Amino acid sequence: MRMADPHIREYRGRHIHMIGIGGSSMSGLARILQAQGYDLSGSDNLETYATRALREAGIPVTIGHKPENVHGAALVLYTVAILPDNVERVEAARLGLPTIERATLLGQLMEGAKTAIGVCGTHGKTSTTSMLAQALVVAGVDPSVHIGGSLDFIGGSTRTGKGDVFLTEACEFNESFLHLKPTVAVITNIEEDHLDYFKDIDDIQRAFGRFLALLPPHGHAVGNGDDPRVIELLGSLACHRVTFGMGAHCDMRPVNLAYDSEGRGSFDLSWHGKNKGHVSLRVAGFFHVYNALATAAVAWVQGADMPAVCAALSDFVGAHRRFELTGEIDGVKLYHDYGHNPTEMRNVLSVAKLQPHNRLWAVMQPHTYSRVKRLLADYFTCTRDADITLVTDIYAAREKDPGDIKAAHIIEGMRTAGINAVHTPTFDDTEAYLRAHWQPGDLVLTMGCGNIDQLNEQMHAHEAEKASAHSPA
């Protein structure tokens with residue numbers, strides 16, 4: 001008989017070690033645990049903004065995985081990206097230390113919340129959760145929040161509120177969202193992704209169905225009414241169902257929708273034909289209109305003050321790593337986006353294309369071999385809006401190189417499709433190529449959910465070094 005997982009509440013006052021603490025979710029969970037009085041340490045394989053911020057907050061972080069990092073810990077936390085052969089997990093097993101995986105931990109932290117909101121979907125989870133967090137705070141709900149990204153409005157990726165609402169992203173990879181116990185579930189869309197775990201799109205849809213089935217009879221399911229797969233799942237539920245989208249059949253929809261020259265939408269919120277306020281978004285793209293509609297639908301279900309919600313949506317400027325302007329070098333604007341599959345890259349490039357620019361550069365870091373293999377044909381054309389596409393080597397993440405798929409395969413397919421594509425394997429190669437060829441007025445967009453954001457940091461750091469070297473002593 002399988003023993004029950006240890007519970008985080010049993011380890012308050014004892015030392016806890018977090019493997020992969022620099023991840024977007026894990027770093028946020030570390031902040032929540034720290035706020036609740038837990039004694040923490042962590043490790044990660046790379047020094048990043050997140051690891052530096054955790055260290056500045058008083059949480060010791062070691063760069064590099066070593067067996068001795070878990071010594072002295074009463075409990076070890078890890079993510080699915082930390083494989084069983086990780087030296088720290090191996091040492092924890094040798095020592096007989098109890099362990100909790102990230103998704104289980106998140107579910108445990110959500111326990112006790114009267115309203116537990118989980119935002120799931122193939123695309124838009126972080127932006128929708130961020131919008132909803134800002135809207136609920138402005139409306140006076142005072143939620144606790146966990147975002148798989150960073151939102152300046154709440155001071156990072158987490159927020160500890162005094163209300164009885166816990167809001168989180170609900171990730172479908174590895175079906176980790178099945179560890180949650182939502183009372184409100186938001187589903188933004190269903191498309192192919194994480195095909196190293198799921199068999200196909202039908203398997204993905206079934207997983208989302210299992211998540212929605214976790215809702216209690218008094219719960220609320222809020223779904224994209226323009227997505228046939230979402231509608232099919234909503235139809236099988238006995239709980240309260242709400243839809244959002246463009247169609248006249250949707251409960252929450254935009255009226256008088258218009259976009260400005262840079263792709264920012266403005267519209268009146270319509271709930272069954274009744275105007276609930278006006279929204280003028282500061283973030284561009286049709287997908288952000290959907291995210292705003294999802295936010296408004298949840299807020300309405302929760303009885304939030306809708307004028308305050310509309311004001312919050314109109315003030316929302318985005319989460320970090322979501323079409324984020326990181327700076328300017330040589331008259332070239334540098335942006336970064338977390339988009340890591342062809343649909344997300346295509347969407348964000350449609351926004352980048354609308355910004356004032358000379359030439360548009362797409363810098364792609366393909367993420368995981370399995371995703372590239374299964375969606376290869378979509379990669380060939382997803383950067384068509386760019387003038388030049390640079391492709392780095394594939395970021396393996398949790399996978400081992402199978403040897404049968406390379407960045408060169410993407411380049412070949414892109415060139416056949418008429419895309420001006422260049423292979424720049426490393427960040428150094430990419431930076432060198434950009435600096436040798438970019439021109440004032442160009443716009444560079446780096447894309448990926450691996451460590452490609454560090455390319456922007458690297459270029460800015462090198463520019464700062466140049467400026468320092470030429471400044472008077």
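This is a predicted model: local features need pLDDT of at least 70, side-chain atom pairs count only at pLDDT 80 or more; totals for chains, interfaces and linings use all residues.
## Helix α8 against helix α9

Helix α8 spans residues 286-301 and helix α9 spans residues 306-315. Their axes come within 10 Å and cross at roughly 155°. Because angles over 145 degrees count as roughly antiparallel, α8 is roughly antiparallel to α9. The crossing of the two helices is right-handed.

On the α8 side, the contact is made by A292, T295, A296, A299 and W300. These residues meet M306, V309 and L313 in α9. Sorted by class, the contact of α8 with α9 has seven nonpolar residues, one polar residue and no charged residues.

## Helix α5 against helix α9

Helix α9 also packs with helix α5, which is made up of residues 125-138. Here the axes are 8 Å apart and the angle is about 135°. That angle makes α5 oblique to α9. α5 passes α9 in a right-handed crossing.

From α5, the residues in contact are M131, Q134, A135 and V138. From α9, they are A308, V309, A312, L313 and D315. By class, the contact of α5 with α9 has seven nonpolar, one polar and one charged residues. V309 and L313 of α9 take part in the contact with α5, and V309 and L313 also meet residues of α8.

## L293 in helix α8

L293 lies in helix α8. With a relative accessible area of 0%, L293 is buried, because buried means under 20% relative accessible area.

Not counting residues up to four places away in sequence, L293 touches F244, G245, M252, R253, P254, F267 and L269. The C-alpha atom of L293 is separated by 9.1 Å from that of N224, a residue 69 residues apart from L293 along the chain.

K406 is placed in the loop between strand β19 (388-391) and helix α13 (407-416). Its relative accessible area is 37%, so K406 is partly exposed.

Leaving aside neighbours within four places in sequence, K406 is in contact with I394 and D401. With D401, the side chain of K406 makes a polar contact, side chain to side chain, at 2.9 Å. K406 and N45 are 361 residues apart along the chain, and their C-alpha atoms are separated by 23 Å.

Conventions
Residues are numbered from 1 along each chain as its sequence is written. Side-chain values use heavy atoms; hydrogens and water are left out. Axes are lines fitted to C-alpha atoms, for helices over the stretch in contact, and angles run from 0 to 180 degrees between N-to-C directions. Helices (H or I, at least four residues) and strands (E, at least two) are DSSP runs, numbered from the N terminus. Angles under 35 degrees count as roughly parallel, over 145 as roughly antiparallel, 65 to 115 as roughly perpendicular and the rest as oblique. A crossing is left-handed if the near helix is turned anticlockwise from the far one by less than a right angle, and right-handed if clockwise. Contact means heavy atoms within 4.5 Å. Ala, Val, Leu, Ile, Met, Phe, Trp, Tyr, Cys and Pro count as nonpolar, Asp, Glu, Lys and Arg as charged, and the others, Gly among them, as polar. Buried means under 20% relative accessible area, exposed over 50%, partly exposed in between (1.4 Å probe, protein chains only). A polar contact is a pair of N or O atoms within 3.5 Å; within protein, one must be able to donate a hydrogen and the other to accept it, and residues adjacent in sequence count only if both atoms are side-chain atoms.
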